[in-house]
Structure formats: structure tokens, C-alpha cells
Amino acid sequence: MKPSQYSSFIFKETLIYSLFLLPFILSIAIYNYCTDYCYISSLQFYDKIYSTNKTIILAPGEVKIKRGDEKLPFVMIGEGDKNSNISGCDIFSGRWVRDYTRPMYEEWECPYIMPQLTCQKHGRPDKDYLYWRWQPHHCSIPSFNGTLMLEALRGKRMMFVGDSLNRGQYTSLICLLQRAIPDEHARTMEIVDSIHIFTAKDYNATIEFYWAPFLLESNADNPKKHRVSDRIIRNGTVDKHGQHWKVADILVFNTYIWWISGLSVLRGSFEDEVKDTVKIPMVDAYRIAMMSLVKWIDKNVDPTRTRVFFATMSPTHQWSEKWNGDYNGNCYNETRMINDPNYFAAEISLMDVAAEELNKSIVPVTFLNITQLSSSRKDAHTSIYKKHYGPRLTEEQLVDPKSYADCIHWCLPGLQDVWNELFFSKLFYP
């Protein structure tokens, strides 16, 4: 073959292979570009780029937990709490047992509980909801030790990130820890914009809460003015909030309740005079958030220094017909828990998405699977026993208390203290 013929042959072969590979190369390039920068132009485009047929089917109460090969930060060396034996045990699978040594603190003892959660102060007549302890089926969880946690946090920063349910868990933890700091001058609480900062001065430690109900940038990001009817998220914008999370040594994320009432995705900026949005299915929108969170975690978290947790869905009890109760009822006047151990009071589809996407993270993410164990606790909500903000309650509402009962948030002390006992277990004895 002559050199000119050989060169022509090589050129033709290269061209053929290039034309064959071009669609594949372009698809990868477009996908990578859009993961970072593109906004959704239509649901059809969204489905092609982001949706997946792969799902994880979880039994009630089951969440796959991802662990790294290296020893996780903050894990205690040795046998741990002499009263516990949780190695290899699923501490989220168990039952509720009566415990009259509860609660672990009194409502009046903790000055940090917001008036939306102080049920006894606002006239709740019963206390049965306080006297329950979570007992795993095959082990016992370690006793919560505030001094141990504060020592582990010496010189460090813990941050809860999410919505008002995560703020409730944060507040519960502060109430548990402040008992180990009897000198009130040795602890402070400061609220700066979206961040609540509890400081344990003698330990040079902070426990913080950051308001970001969708994790992504949204039109509900203002912690004081977030009651919006048309909820909008902006795709791929975890970094807006994430810049405030980078230096945390322990991160506890949650996001759930804001997603279930429908929302839109913004294709431009919130600064635009006319906002270009597109409606999107709940599950698909939630997947965007989980994918964005994983990308942020893998980019910004050092797994040898920082632990990452994700608290699963906080159940709601807004329709008592779901547990074979009154057709027109809800959690109002409910003082007993649901007996069915398989009752699940949250969107299982979002649970699946969270497990599937977060288990793709290179950095280990520990799930706090509080959903199943909390699903039976219709007795533990604030109901009508809280401070009410917004419009004054009407005469019609006052005559029918269930019409304004809060069946989303939880009384403190109460259920969320148990969440923190489980968090304590997973932090130190996973």
C-alpha cells in the first residue's frame, strides 16, 4: 500500500470510529455539564437525564447503611457502654416499652425549647407520651452521656442542617447536653440569620442548626419569612448553603416535609423579575436534592475528620382514617400509640430515593432511621398545645380543635429525645 493510500485508509478508519463514538462522548459531556450547570427545560428532558429505573425496595424500618473501610471519626475504642451490646445490631428495629424514669429532662429545665414545642406549658393535660423508651429487639442501646459527647466535641463543631423537624432534634440535643453544663454562664445561644449557635464555652465546642428546608436554594430559605404557598427550588444549588457547612466535624442532614405538597424547579435565578419555572413530580425533585447533596459531600467532606448523618422522614399523623380511626380525625386528642408495628406514616418512595442516592456517596453516610419507630407515635405531636403564629384562630377553629392541630411537630421533651439516643449510639458505637 502506498503511503498516500495508507494515510487515506487511516483517515477513513479514524473518521468512522469518531462518528461511531461521537454520540456517546457527547452524551457523557452533556450529562456532566448538566449535572453542574443546566436547569430543567422540560419534564421529558428531565426524565432522560436524571431518572433511573433502579430502585431499592426496603422493608419497613430497613435502611441500608454505608460504611467505609476506615475507622469512622468519633467511634469509641473498646467495649463502650457496659449497659449496651449493639455491635452488629439493628438498633432501629425494636419496640416501645414503658419507662417511668423518663423524661430525661423537664420542659421547664431547658430554656432553649421554642414555644411551638412546649406542650405542657400550653396546657396539654396528659403526660403518658413522655414515659416511653425505645428497646431494640436484639440488643440494648447505650445510655446517653452528655459529658462524653461534649468531651468528644471539644474544639469542634456539630451542625444540623434542614427543616423545623431537624431543628426540633437539634433543640432536643441541646436540652440533653445543657444538663452537663450546670453553670448557665458557661453556655450561650445565638441566632444569626439562618444559623442557631449553641456554645459550650468550657469545651470550645458549638452545636448549630442551619435552616435549609430543601437543602437546595429555594424561595423558603428565609428562616423568618418562609411560609410560601408555591414552593420553588433551584437545581444544583447546594453550594449556596453548603459554604456554611464546610468546617463542621459532624453533619446531620434532613429534608422531607416540604417536598410532599408539590413544588416547581427554577430554570433561572431568584433575582429574575419573571421567574421561569416548571412543575416536577415529587420523587424526581427529591432525587435532584439527594444527588446534589451526595456531590457536595464527596467534594467537601474529609471522611477521616467528619461524620455525616442523614435523618430519615419524620412521620405525620394528619388523617386518623389511616390507622382505622375517626374518618374526620387526626392526632388531636390521641394519647395512645398505634399498635401495628408495620404502620408507616411517611412517603416510602422518598425513603427509597434517599437510600439509593446517599449510598452512592464515596464518603460514608450513616442513616438515622427514625421513620418506622416514630410512625406509631401519634400520641407525641404538639397538636393544639403550642404557641400559634399567623392569623388569629377563628371561633369556628376554636370550637373544632382538630382543625388547627399540628400533627407534624413533636412535643419536647418527648420522641425526639429518643432520636438523639439513637444518634448518640451511632456516633460513638456504630
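A salt bridge here means a side-chain nitrogen of Lys or Arg within 4 Å of a carboxyl oxygen of Asp or Glu. Keep that in mind as you click around this predicted model.

**Stop 1: lysine 240 and aspartate 221**

Select these two and show their side chains. Lysine 240 belongs to helix H5 (residues 238-242), while aspartate 221 is in the loop between S6 and S7, so the pair ties together parts that are 19 residues apart in sequence. Buried or exposed, what is aspartate 221? It counts as buried, at 10% relative accessibility. Lysine 240 is partly exposed, with a relative accessible area of 37%.

**Stop 2: glutamate 217 and arginine 234**

Stay with that loop and pick glutamate 217, which sits between strand S6 (205-211) and strand S7 (232-234). Its side chain forms a salt bridge with arginine 234, 3.1 Å from N to O. Arginine 234 is in strand S7, and the two partners are 17 residues apart. Glutamate 217 is buried, because its relative accessible area is 12% and buried means under 20%.

**Stop 3: arginine 267 and aspartate 276**

Now jump to arginine 267. Its salt bridge is with aspartate 276, and the closest N and O atoms are 2.7 Å apart. Both ends are partly exposed: arginine 267 at 26% relative accessibility and aspartate 276 at 38%.

Which residues do salt bridges with shared partners join into one network? Select Asp99, Arg102, Arg133 and Glu421 to see them. Across the structure there are 18 salt bridges.

**Stop 4: the aromatic rings**

Time to switch to rings. The whole structure has 21 aromatic pairs. For one of them, select tryptophan 323 and tyrosine 343: the ring centres are 6.5 Å apart and the planes stand at 90°, so this pair is edge-to-face. Both residues are in the loop between strand S11 (307-311) and helix H7 (348-358), 20 residues apart. Each is buried: tryptophan 323 has a relative accessible area of 12%, and tyrosine 343 also comes out at 12%.

Next, highlight Phe160, Tyr170, Phe209, Phe309 and Phe423 together, a cluster linked by ring pairs.

**Last stop: arginine 377 and tryptophan 96**

Finish with a charge and a ring. What sits over the ring of tryptophan 96? Select arginine 377 and you'll find its charged end there, 4.7 Å from the ring centre.

Terms used. Residues numbered from 1 in each chain as written. Predicted model: local features only at pLDDT ≥ 70, side-chain atom pairs only at ≥ 80, totals over all residues. Heavy atoms only, no water. Helix = DSSP H or I, 4+ residues; strand = E, 2+ residues; numbered from the N terminus. Buried < 20%, exposed > 50% of the residue type's maximum accessible area, 1.4 Å probe, protein only. Phe/Tyr/Trp six-rings, centres within 6.5 Å; stacked < 30°, edge-to-face > 60°. Lys NZ or Arg CZ within 6 Å of the ring centre and 35° of its normal.
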